[in-house]
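Colleague: Before we discuss side chains and helix packing, could you put the sequence and the model up for us to look at together?

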Amino acid sequence: MTSPPASAWTRSKPPLLRFLDTCLNEFSAETSGHVADYIPELSKADPAYFGISLATLDGHVYEVGDSRVPFTIQSMSKPFVFALALDLLGAGRVESAIGVEPSGDPFNSIRLNSDNHPFNPMVNAGAIACTGLIYDSKGPDAFEQIRLALSRFAGRDLAVDEAVYASESQTGDRNRAIGYLLKTNAVISDNVAGVLDVYFRQCAVLVTARDIAVMAATLANRGINPVTGEQVLSAYAISRTLSVMTSSGMYDYAGEWIYRIGIPAKSGVGGGILAALPARLGLGSYSPKLDKHGNSVRGIKVCEALSSHYDLHMLNRSDDARNAVIADYDIGKSPSRRVRRPQEREILAAHEQEVRVIELVGTLSLSAVDYVSRRLAGRPRPQFVIFDLHRVTSTTRAGARLVAEAFEELAALNVTVVLSGVRRASKEWDTLREWTAELKNVRDFYLLDTAIEWAEDQIVYRYGGSIDFHETTELAEQPLLEGLGEEELTDLASICSIRTYQSGAKILTTGDPADSLFFLRSGAVHVTLPDGVRLATLTAGMAFGEMALIETTRSADVFADMAATAFEVSLKDFERFRRQHPRASERVMRNLALLLADRLIVANAKVDILTST
């Protein structure tokens, strides 16, 4: 079988991009529909234009066709302005003026609900009312507030198509009729002309298919622009906006849309459609020819194809809360990397079930937290529970609240909770602390190993042990030298030098010649890989640099955790000692093999935990 050339790899496309290419090629043949002409300037659009873009929540944007061709946003501005109004004015003010029920009418219907309010913010009456509320609050600055918000959603500065604005203004009598109907019913203020001028300008803002894909992805990402990382508007405003888009975003086609496609969406008579699938993606398309409902013919086909091909209907979710747990174990199966002395090991072995470690992955949702709490209760109560969150990608407010309630119950049972894997500067930390800040039984460490080590220390203390970093040990207490006779230890001591290190001092460096070994006399040191991953913490009575017996260069860094002293013996002198004491040499190498075997057993146990859960 002939292998494809290397250039084929570099030319290959991701599956989603290939899918969009297929849509572009297949649906370009669709010529039905008509370009909007009730606004004369819109009729000048080239009906052949067709662009598609898809933005993921990690900030990657796929584009095919005419994805950079500018067109006016039109009614696709409505959800963003509604969200802006919710944040600027408060939900109470906005909801008292505008309903959230579908109307079943065309987008430009001149009709209000039984309370003489607009049915929802997605029809023209509701959108004009929304703009009016912002105008009442911001006056002449209203449009600039709206334009800046739209720009933040898009991740770039957006401008106005002045020709389309003028054309809309000149032919906007139906919207003027809606405006005066709203004024008659005290929904907007007296300055109808001022409100409509802002509304016409907001509809004439220029965007591209790429822009609206990013804007849709920002809606799907709880208001965080995935390209810029900016929190544009609050998660509350975004969730309410997506709700109304679901029920009313596609006007009198909304029921059919959500039944068949199942993705919150909004269309505009300029030929654009945006679709926001929460926690998944944002889609933007541009093709000027519209169907009888005022929606882009090709755009609808793209959305239909995406939803059916990848089974993306938002009500057909298959997330399993049981997948939230990647590992669940006690410290007997996977202890910390600190090398413990015999007394400490005995205590921890007798009480290994007192520290439970649960490593989580994915989204910390209500169902995930509920499953974890039930799983935790299914085994004997520990004294410490460590939840490692470094693989958790997001935390919902419902999940965080249930976490707090679970932690409260654990506090009542005298169980200490330890969190690891969350940086204090992260959004996940803010979400968790909103609900757990008042709890007294919660501690946190960024590194899981540090959390396990701390919990182990508490167990040692509680069961009569001690951890004395200032204790001084002699060579006879070294596991690597176990079995050596008094004469052999005396001869070895004669060739050792005592070294002193200040806290934080770097003792060994990766890549340096391995020309000596060390026996820690007092204090503590830690061994790390060059990338900062900690391999072990060593206390008095332990050896380090012992791999010099089988390696020619250092394979790890060693730092002093506190003031420390160590016996150092050069490899040259140690080899002479081994020749003089062959029995001792054999014993040292056997001890080294046992130490390495213990480390391998611990590493294998961790792999087994991760692969068996």
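Modeller: Arginine 423 lies over the face of tyrosine 446, 4.0 Å from the ring centre, where a charge sits over a ring if NZ of Lys or CZ of Arg is within 6 Å of the ring centre and within 35 degrees of the ring normal. This is a predicted model, in which local features need pLDDT of at least 70 and side-chain atom pairs count only at pLDDT 80 or more, while totals for chains, interfaces and linings use all residues. Residues are numbered from 1 along each chain as its sequence is written, and side-chain values use heavy atoms, with hydrogens and water left out.

Colleague: Over the ring of which residue does the charged end of arginine 201 sit?

Modeller: The charged end of arginine 201 is placed 4.0 Å from the centre of the ring in question. That ring belongs to tyrosine 165.

Colleague: How are the rings of tyrosine 49 and tyrosine 286 arranged: stacked, edge-to-face or tilted?

Modeller: The structure holds 11 aromatic pairs, counted for rings of Phe, Tyr and Trp (its six-membered ring) whose centres lie within 6.5 Å, with planes under 30 degrees apart taken as stacked, over 60 as edge-to-face and the rest as tilted. For tyrosine 49 and tyrosine 286 the centres are 6.1 Å apart and the planes stand at 40°, so the pair is tilted.

Colleague: Is tyrosine 286 buried or exposed?

Modeller: Buried means under 20% relative accessible area, exposed over 50%, and partly exposed in between (1.4 Å probe, protein chains only). Tyrosine 49 has a relative accessible area of 29% and is partly exposed. Tyrosine 286, at 3% relative accessibility, counts as buried.

Colleague: How do the axes of helix α6 and helix α9 run relative to each other: roughly parallel, roughly antiparallel, roughly perpendicular or oblique?

Modeller: Helices (H or I, at least four residues) and strands (E, at least two) are DSSP runs, numbered from the N terminus. The axes of α6 (residues 142-154) and α9 (residues 192-203) come within 9 Å and cross at roughly 20°, these axes being lines fitted to C-alpha atoms over the stretch in contact, with angles from 0 to 180 degrees between N-to-C directions. Angles under 35 degrees count as roughly parallel, over 145 as roughly antiparallel, 65 to 115 as roughly perpendicular and the rest as oblique. The two helices, α6 and α9, are therefore roughly parallel.

Colleague: Which residues does threonine 393 touch, not counting residues up to four places away in sequence?

Modeller: Threonine 393 is in strand β13 (residues 384-395) and is exposed, with a relative accessible area of 57%. With contact meaning heavy atoms within 4.5 Å, the residues touched by threonine 393 are Gly362, Thr363 and Glu428.
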